Amino acid sequence: MLRFAATRLVERNWKHSRDEWVYLETFLLHYRNLIEFLGNEAPRNTDLHVTTIWQQANLTPPAEIEGIYAKGKKLFMEYEPTDAQGGGRISQYLHHCTMKRIEFKDWQIDTMTAEIEPLLAEVERHLRSSAGILKDV
C-alpha cells in the first residue's frame, strides 16, 4: 500500500481533488508503520519488528540486520521524533483533530520513498525465501 499510494501521489491523476488527501494519508500511515517496524527501539512483545520477525518465520536473520535496523532507527527518529506532547511528526498529523493537522507540511514523498525503499527491498529479499510470509497481491 505504501508503494501504491506513493505511485498515485506522483502520478497526480485523480478523479477528485480530494483523492490526493486519501493517498497522502494512506502513504503516511503505512510509512509510519514501516519505520516503526524497521527502527522502533522499544517494540511491544506483540509487534512485528525487523529484529524479531526472523524467529517468527523460522529464518536465520540476514547478516545485514544490524545495518538495516540502524538505518530504520534513523528514519524513525527523523519522521517520528517524540516531542513534549508525546507524538511524532507523522503521528500528530494522522491521529487526532489537533492544530498539528492544519499546520503546513511539505511531505517529500519522493525523498521518503527513496530513504525507505532499500531497507524494505532488503527485508523482502530475505523474507521471500520463506514460503507464505510475503505473498504477491
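L28 is buried, with a relative accessible area of 0%; buried means under 20% relative accessible area, exposed means over 50%, and partly exposed is in between, using a 1.4 Å probe and protein chains only. You'll find L28 in helix 2. Helices here are DSSP runs of H or I with at least four residues, strands are runs of E with at least two, and both are numbered from the N terminus. One thing to keep in mind: this is a predicted model, where local features need pLDDT of at least 70, side-chain atom pairs count only at pLDDT 80 or more, and totals for chains, interfaces and linings use all residues. Residues are numbered from 1 along each chain as its sequence is written, and side-chain values use heavy atoms, with hydrogens and water left out.

What does L28 touch, not counting residues up to four places away in sequence? The list is I90, Y93, L94, W107 and M112, where contact means heavy atoms within 4.5 Å. Look for A6 too: L28 and A6 are 22 residues apart in sequence, and their C-alpha atoms sit 9.5 Å apart in space.

Now zoom out. Of its 137 residues, 37% count as buried. If you take the contacts with a separation of 6 or more, 59% are between residues 24 or more positions apart.

Next, the middle of things. In soluble globular proteins, nonpolar side chains tend to be buried together. The largest nonpolar core in this model has 32 residues, and F27, L28, Y31 and L38 touch the most other members. A nonpolar core is a set of buried Ala, Val, Leu, Ile, Met, Phe, Trp, Tyr and Cys residues joined through side-chain atoms within 4.5 Å. Two or more residues each come from helix 1, helix 2 (19-39), helix 3 (53-56), helix 4 (65-79), helix 5 (89-94) and helix 6. Helix 2 gives the most to this core, with eight residues. Take F27 as an example: leaving aside its neighbours within four places in sequence, F27 is in contact with L2, A5, A6, L9, I109, M112 and T113.

Some of those names belong to helix 1, so let's see how the helices pack. The axes of helix 1 and helix 2 come within 8 Å and cross at roughly 145 degrees. These axes are lines fitted to C-alpha atoms, for helices over the stretch in contact, and the angles run from 0 to 180 degrees between N-to-C directions. The crossing is left-handed, a label used if the near helix is turned anticlockwise from the far one by less than a right angle, with right-handed if clockwise. On the helix 1 side, L2, F4, A5, A6, R8 and L9 make the contact, and on the helix 2 side E20, Y23, L24, T26, F27, H30, Y31 and L34 do. By class, that contact has 10 nonpolar, two polar and two charged residues. Here Ala, Val, Leu, Ile, Met, Phe, Trp, Tyr, Cys and Pro count as nonpolar, Asp, Glu, Lys and Arg as charged, and the others, Gly among them, as polar.

Helix 1 (residues 2-11) also packs with helix 6 (residues 109-127), at an angle of about 150 degrees and with the axes 11 Å apart. The two helices are therefore roughly antiparallel to each other; angles over 145 degrees get that name, while under 35 is roughly parallel, 65 to 115 roughly perpendicular and the rest oblique. Their crossing is left-handed. T113 touches A6, F27 and Y31, not counting residues up to four places away in sequence. T113 and R3 are 110 residues apart along the chain, yet their C-alpha atoms are separated by 8.1 Å.

Finally, check the loops. Most residues other than glycine have a negative phi, and most peptide bonds are trans. R12 has a positive phi of about 55 degrees although it is not a glycine, and R12 sits in the loop between helix 1 and helix 2. At 54% relative accessibility, R12 counts as exposed. N58 also has a positive phi of about 55 degrees without being a glycine. N58 lies in the loop between helix 3 and helix 4, and counts as exposed at 71% relative accessibility.
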